Amino acid sequence: MAEKYNVSGMSCAACQMHVEKAVGKVSGVDKVTVSLLTNSMTVEGSAREEDVIRAVEDAGYGASTAFSDSAPDRSDDYERLKAEEAALEDKETPAMIKRLISSSVFLLILMYFSMGHMMLDLPVPEMIDNYAALGIIEMLLTMIVMYINRKFFISGFGALRHGSSNMDTLVAMGSSAAFFYSLGALLMLTDAMSKGDHGQVMILGHDHMYFESSAMILTLITIGKTLESYSKGRTTDALKSLMRLTPQTANVEKDGVVTEVNISDVRVGDIFVIRPGESIPVDGVIIDGVTAINEAALTGESIPVDKTTGDTISAATINTSGYIKGRATRVGADTTLSQIIKMVSDAAATKAPLARIADKVSAVFCPAVMIISLLTLLGWLIAGAEFGIAFARAISVLVISCPCALGLATPVAIMVGNGMGARNGILYKTAASLEGAGRTEIVALDKTGTITNGNPEVTDMIENTGCSKDRLLITAAALEAKSEHPLSKAVTSYAKNIGISVPDVTDFSILPGKGLTARLDGKAIIGGNADFISESVIIEDQIRQQADALARKGKTPLYFADNEKLLGIIAVADTIKDEAPEAIRQLKNMGIKVVMLTGDNERTAKAIGSAAGVSDVIAGLRPDEKERAIKDLQKEGRVAMVGDGINDAPALTRADTGIAIGAGTDVAIDAADIVLVKSRLSDVPAAIRMSRATIRNIHQNLFWAFFYNIICIPLAIGLYQALFNWDFEMKPMIGALAMSFSSVTVCVNALRLNLFRLYDPKHDRAIQRTGKHDTIGNKDIHKEETMNKTISINGMMCEHCEMNVKKALEGLDGVSSATVSHKDGTAVVELSKDVPDDMLRSAVEAKDYEVTAIS
């Protein structure tokens with residue numbers, strides 16, 4: 001089980017690593033993940049809370065329990081959500097602003113005395129116009145600034161006390177060193193004044209007083225930390241905006257009386273009412289009324305969706321028009337909104353693989369910097385430099401070094417990228433899935449429901465000479481109206497949608513495997529396959545050729561006639577989604593190989609693939625064979641599988657990245673790494689595009705973090721001056737300023753992702769494939785040694801008949817797969833063990849088809 005904790009006192013990546021190491025040593029802890037961005041920690045295992053908290057406190061930080069999935073009795077789901085929202089509230093920035101203002105005021109006064117008077121000859125009272133008095137005033141003002149920023153010293157020296165170090169340690173040591181060196185110089189100055197040694201007084205007063213540097217370091221670092229805090233707070237805007245969408249009340253109807261209740265009091269089964277303009281309080285189903293729902297909060301789509309009785313509705317969506325009643329089906333943590341919030345929050349608490357580089361460096365960064373600082377001091381003294389110069393360089397090394405940028409490089413980009421995805425209905429479950437999607441080299445698409453709409457539709461109508469389109473459609477719809485076949489429903493739905501009034505028929509009869517007969521206005525009408533229709537009327541060659549052309553495109557031609565002549569053909573097919581060809585084209589432009597996996601026969605699959613722009617098609621697959629196909633494809637590169645998350649669960653799990661499309665309200669799909677709320681294939685390239693942009697951003701951040709330290713630390717040491725005779729001397733206050741803005745740069749760069757247009761393909765670039773081969777081709781799925789039987793079947797007339805037979809046969813124990821063709825009238829079954837012919841025959845005949853032979 002996973003427990004969540006709030007952690008306080010962390011200031012940089014080194015702090016994060018120290019907490020992880022300390023908690024990782026606790027007995028019963030299996031895994032621990034600490035987020036510097038959200039100041040939170042997730043602990044998996046059986047460790048006791050008090051042991052975990054004690055380990056954090058012993059490491060020098062604070063910890064408290066947050067709400068967890070393993071302890072629902074602590075509070076209800078809505079209280080937990082409020083607590084999580086409160087935890088994300090930016091309390092640090094206001095406090096940092098107060099510190100900054102206070103520090104700046106006293107620093108300006110200090111600078112007036114130290115530089116304004118000493119360098120610009122600005123006036124001061126005569127009674128303090130001497131080096132000793134000015135030194136004492138500077139010391140007191142510096143002590144005030146140090147007290148205002150005491151957090152640096154408490155955290156920094158506290159870490160040293162616990163045997164570790166962090167960014168605050170470097171700042172505290174640099175500021176303290178400057179202060180105590182200046183204090184020593186002040187004591188020597190007063191001694192020189194008492195002895196009347198004016199030359200020594202001038203030297204000490206001008207060249208050895210660094211009080212303003214000590215205060216300036218703290219103030220400049222505070223400027224950077226304030227900007228960093230503000231930027232970090234902005235990265236969680238998407239998550240906080242989702243939390244704010246949670247409704248607070250609901251209008252519940254009981255015994256005919258509508259009462260406004262707290263949202264936490266709504267239970268599954270309660271009846272609630274929603275007026276126009278109101279937010280839907282919980283997930284439910286409409287039991288009365290018609291309306292249009294704005295689902296932008298969940299899907300990013302601003303166009304309202306029409307809803308009527310029986311349709312599902314989700315919490316936080318807006319009722320834009322009608323007055324409706326709903327029955328609660330999911331409340332609290334089970335609502336779609338709560339699941340999305342949890343998914344985004346959990347992803348932010350996980351670590352991307354790229355973060356491991358920064359973690360390894362951060363673990364040794366601060367101790368290394370302190371050693372370098374000491375060596376810098378000794379090196380310059382050995383080289384003959386004055387102590388003041390060597391000392392200033394050593395302090396500069398301490399304050400210019402920045403582990404913060406390393407620690408923030410990955411999490412800030414992950415948080416912003418994850419939030420951008422959530423706003424557009426793309427949910428990344430973990431930081432690893434957000435990073436992994438961008439490295440995809442092959443996308444395997446399930447056909448039904450992914451490339452196609454998943455429901456048969458009328459695609460073509462061909463009228464015979466002398467027959468009008470209306471007559472053909474009225475006859476077909478009247479005949480098909482009493483059939484439950486999926487193709488029949490496609491015809492009747494099409495007729496109703498264009499306003500055709502469907503008349504009643506008499507003497508209706510179904511001839512399995514052939515077609516339908518009935519009487520309309522006393523006249524016999526028939527419909528079915530070509531063989532059946534040709535028994536009653538003549539089908540001209542031209543019509544047959546057109547029908548064959550439709551069949552080659554993966555469509556099913558249905559023939560209709562009356563007792564006199566052929567009326568025409570209506571073609572039905574599972575149509576391709578409008579955006580599918582463009583989405584597939586975009587994937588190819590990104591350098592990604594696209595493969596279609598389907599259980600359909602090869603002819604239909606290739607026709608659909610060709611229309612959608614997919615050249616690599618693997619047909620006739622069962623769910624377990626799809627998993628095997630993914631395994632084969634992984635030999636070519638990293639594979640993302642796109643499916644519905646239910647039938648495709650094995651393949652989604654096997655793939656490097658599993659993408660569940662069309663999840664709608666069911667976003668908690670275990671098998672998927674990425675969940676697409678909408679059923680749009682265009683979200684697949686968008687998800688990969690967002691991932692690539694995030695990876696680029698992380699690379700930029702890591703490059704800056706490493707580049708900054710690689711360049712600036714030698715600069716602070718004075719290495720460039722020694723090697724190239726540069727006339728530049730790094731002052732501690734300049735180093736502090738540089739350090740402040742290094743971490744700010746990382747945060748601001750991550751925030752640029754909020755401007756990224758994830759549906760814009762203009763800047764797509766093809767990636768370099770890492771696979772062993774350039775092409776995939778039409779791959780054969782490796783199967784175990786099997787025996788085959790061929791079943792001759794009468795009565796199949798379309799692809800749906802094939803699927804009925806296929807499912808019936810594959811449901812038998814011992815049948816590995818079945819390849820069914822209504823054209824050939826056969827089913828070829830592959831058997832992993834002997835299955836009696838009688839069992840095969842019974843399975844087919846149970847679906848109302850006739851078995852004529854088994855060989």
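Trainee: Which residue in β21 is the bridge partner of proline 456?
Mentor: The partner of proline 456 is aspartate 574 in β21. Please keep in mind that this is a predicted model.

Trainee: How many bridges join β16 to β21, and which way do the strands run?
Mentor: There are eight bridges between strand β16, residues 452–463, and β21, and the two strands run antiparallel.

Trainee: What about β20 and β21, how many bridges join those?
Mentor: Six bridges join strand β20, residues 556–562, to β21, and this pairing is antiparallel. Within it, alanine 561 has leucine 566 of β21 as its bridge partner.

Trainee: How many residues lie between β20 and β21?
Mentor: Three residues lie between them, and the two strands form a hairpin.

Trainee: Is β21 mostly covered or mostly open?
Mentor: Strand β21, residues 566–576, is mostly covered, with ten of its eleven residues buried.

Trainee: Changing topic to the four-stranded open sheet: what is the strand order?
Mentor: The order is β28-β29-β27-β30, with antiparallel pairing. At the edges are β28 (815–821) and β30 (850–854), each of which pairs on one side only. From one strand to the next, the twist averages 25°.

Trainee: Which helices pack on that sheet?
Mentor: Helix α30, residues 799–810, packs on the sheet and touches β27 (787–794), β28 and β29. The direction of α30 makes about 165° with that of β28. Helix α31, residues 837–845, also packs on the sheet, touching β27, β28, β29 and β30. The direction of α31 makes about 155° with that of β30.

Trainee: And how many bridges join β28 to β29?
Mentor: Six bridges join β28 to strand β29, residues 826–831, and the two run antiparallel. In this pair, serine 821 stands opposite threonine 826 of β29.

Trainee: Now the helices. How do α14 and α29 cross?
Mentor: The axes of α14 (residues 387–400) and α29 (residues 732–751) come within 8 Å and cross at roughly 10°. The helices are therefore roughly parallel.

Trainee: Which residues meet there?
Mentor: From α14, the residues are Ala392, Ile395, Ser396, Val399 and Ile400; they meet Pro732, Gly735, Ala736, Ala738 and Met739 of α29. By type, this contact has eight nonpolar residues, two polar and no charged.

Trainee: At what angle does α27 pack with α29?
Mentor: Helix α27, residues 683–717, packs with α29 at an angle of about 170°, and the axes are 9 Å apart. These two helices are therefore roughly antiparallel to each other.

Trainee: Which residues make that contact?
Mentor: On the α27 side they are Asn697, Gln700, Asn701, Trp704 and Tyr708. On the α29 side they are Gly735, Ala738, Met739, Ser742, Thr745, Val746, Asn749 and Ala750. The contact of α27 with α29 divides into six nonpolar residues, seven polar and no charged.

Trainee: Which residues of α6 are buried, and what follows the helix?
Mentor: The buried residues of α6 are Phe152, Phe153, Ser155, Gly156, Gly158 and Ala159. The helix is followed by glycine 163, which has a positive phi near 80°.

Notes:
Residues are numbered from 1 along each chain as its sequence is written. This is a predicted model: local features need pLDDT of at least 70, side-chain atom pairs count only at pLDDT 80 or more; totals for chains, interfaces and linings use all residues. Side-chain values use heavy atoms; hydrogens and water are left out. Two strands pair if DSSP finds at least two bridges between them. Axes are lines fitted to C-alpha atoms, for helices over the stretch in contact, and angles run from 0 to 180 degrees between N-to-C directions. Contact means heavy atoms within 4.5 Å. Angles under 35 degrees count as roughly parallel, over 145 as roughly antiparallel, 65 to 115 as roughly perpendicular and the rest as oblique. Ala, Val, Leu, Ile, Met, Phe, Trp, Tyr, Cys and Pro count as nonpolar, Asp, Glu, Lys and Arg as charged, and the others, Gly among them, as polar. Buried means under 20% relative accessible area, exposed over 50%, partly exposed in between (1.4 Å probe, protein chains only).
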